[in-house]
Amino acid sequence: MTDKIENPLTRFYDGKFEKQAQEAPALQQKMNPIPDCGESSYQGSGKLTGRKALITGGDSGIGRAAAIAYAREGADVAINYLPFEEADAKEVKTLIEAQGRKAVLVPGDLKEETFTRKLIHEAAEKLGGLDILVLNAGMQQSVAKIKDLSTQQIMDTYTTNIISMYWAVQEALDYLPKGGSIITTTSIQSAEPSSNLLDYAATKGAITSFSKGLAAQLAASGIRVNTVAPGPIWTALQICGGQPAEKIPEFGQQELIGRAGQPAELAAVYVFLASNEASYVTGQVYSITGGSFFA
Ligand code: NAD
Ligand code: MG
């Protein structure tokens, strides 16, 4: 790692992607190139010393980048993911423990209310508290025509992406202290919905509104709530049906920066929003899009 000035256009992989597809949920470790979650680059400086964080979808992609960064900033970290993703999750555990921090793995399906409520208590009990809740898990399946969108997919997308957030927050309020932080992951799709993502984009719109409203409700308790809106980021979500397969090679290249983003490029914002440095920041949308304006 070096702090020398770097050209954003070429700082990360800027070529075309190989066509590739996996069944959902995909394993990040089988992707080519493997998404860069800051494994060899993120340097901490004690911004989250002693904090306890739970990150959903912490096995891969954006959640994994946040998990690595949080551990390097001194936090103990619990991650949730689907049981199929155990291999990715184990890598994250190793990376967290390499920092001398505690890693708690809680696999399970956020579509199940009982599990989601239990997840919060299990994470808080094993970590010895809960200061930071990152609600980042999400599913995305591209379907070109609304007539082909199954009720099952609509229900699954809504339950995973937004309904589970209500359950998680209801339980987390038993633990979050003054100074606690809730961070959700929305999307540029909240502001600029694609025609092939009618279910997904609508849940992202809901996450944005939910996060702003929750910030207002919790402000007086000293708990801040913010949401991060990524643009096209190279992650497992995209190669297991999130994009039409023929669009994978060009993924992200239409953005002003001219390439897809990497999860590592989002980590600092998740750290900032969780830290004391963001004490005057609540109810906000932070966009990291490669150029698209979130409005
Ligand atoms: P990712 O596939 O690496 O991470 C998503 C994670 O969600 C998975 O690892 C999985 O553990 C979890 N998940 C999905 N369904 C679940 C369920 N039913 N129960 C428990 N966990 C479940 O992809 P990512 O891109 O890092 O996704 C993280 C977040 O970022 C998502 O909310 C996604 O919508 C959002 N996002 C991604 C992009 C992008 O271009 N990659 C853009 C905007 C927003
Ligand atoms: Mg994953």
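# Magnesium site and fold of a predicted chain

Reader: Are serine 60 and glutamate 85 buried or exposed?
Author: The model is predicted, so local features need pLDDT of at least 70 and side-chain atom pairs pLDDT 80 or more, whereas totals for chains, interfaces and linings use all residues. Residues are numbered from 1 along each chain as written, chains are lettered from A and ligands numbered from 1 in written order, and side-chain values use heavy atoms, without hydrogens or water. On the scale applied here, buried is under 20% relative accessible area, exposed is over 50% and partly exposed lies in between, with a 1.4 Å probe and protein chains only. Serine 60 and glutamate 85 both fall into one class, namely buried.

Reader: Which protein residues are donors of the magnesium ion (ligand 2)?
Author: Donors are N, O and S atoms within 2.8 Å of the metal (3.2 Å for Na, K and Ca), and the site may look incomplete because water is not among the atoms. With that caution, the protein donors lie 2.1 to 2.3 Å from the magnesium ion (ligand 2), and they come from Asp59 (OD), Ser60 (OG) and Glu85 (OE).

Reader: How many residues apart in sequence are the parts that serine 60 and glutamate 85 tie together?
Author: The donor residues of the magnesium ion (ligand 2) follow the spacing D-S-x24-E along the sequence. Serine 60 sits in the loop between strand S1 (52-56) and helix H1 (61-72), while glutamate 85 sits in the loop between strand S2 (76-81) and helix H2 (86-97), so the pair links parts of the chain whose separation in residues is 25.

Reader: What is the relative accessible area of threonine 157?
Author: Threonine 157 belongs to helix H4 (residues 151-172). Leaving aside residues up to four places away in sequence, threonine 157 touches Met139, Ile162, Asp199, Tyr200 and Thr203, where contact means heavy atoms within 4.5 Å. Threonine 157 is buried, and its relative accessible area is 1%.

Reader: What is the relative accessibility of alanine 202?
Author: Alanine 202 is part of helix H5 (residues 198-218), and beyond residues up to four places away in sequence it touches Tyr158 and Leu197. Alanine 202 counts as partly exposed, with a relative accessibility of 32%.

Reader: What is the relative accessibility of phenylalanine 293?
Author: Phenylalanine 293 is placed in the segment after strand S7 (285-288). Apart from residues up to four places away in sequence, phenylalanine 293 touches Ile188 and Glu192. Phenylalanine 293 counts as exposed, its relative accessibility being 65%.

Reader: Which proline does a cis peptide bond join to asparagine 32?
Author: The peptide bond from alanine 24 to proline 25 is cis, with omega near -5 degrees, and proline 25 lies in the segment before S1. Asparagine 32 is likewise joined by a cis peptide bond, with omega about -5 degrees, to proline 33.

Definitions and conventions: Helices (H or I, at least four residues) and strands (E, at least two) are DSSP runs, numbered from the N terminus.
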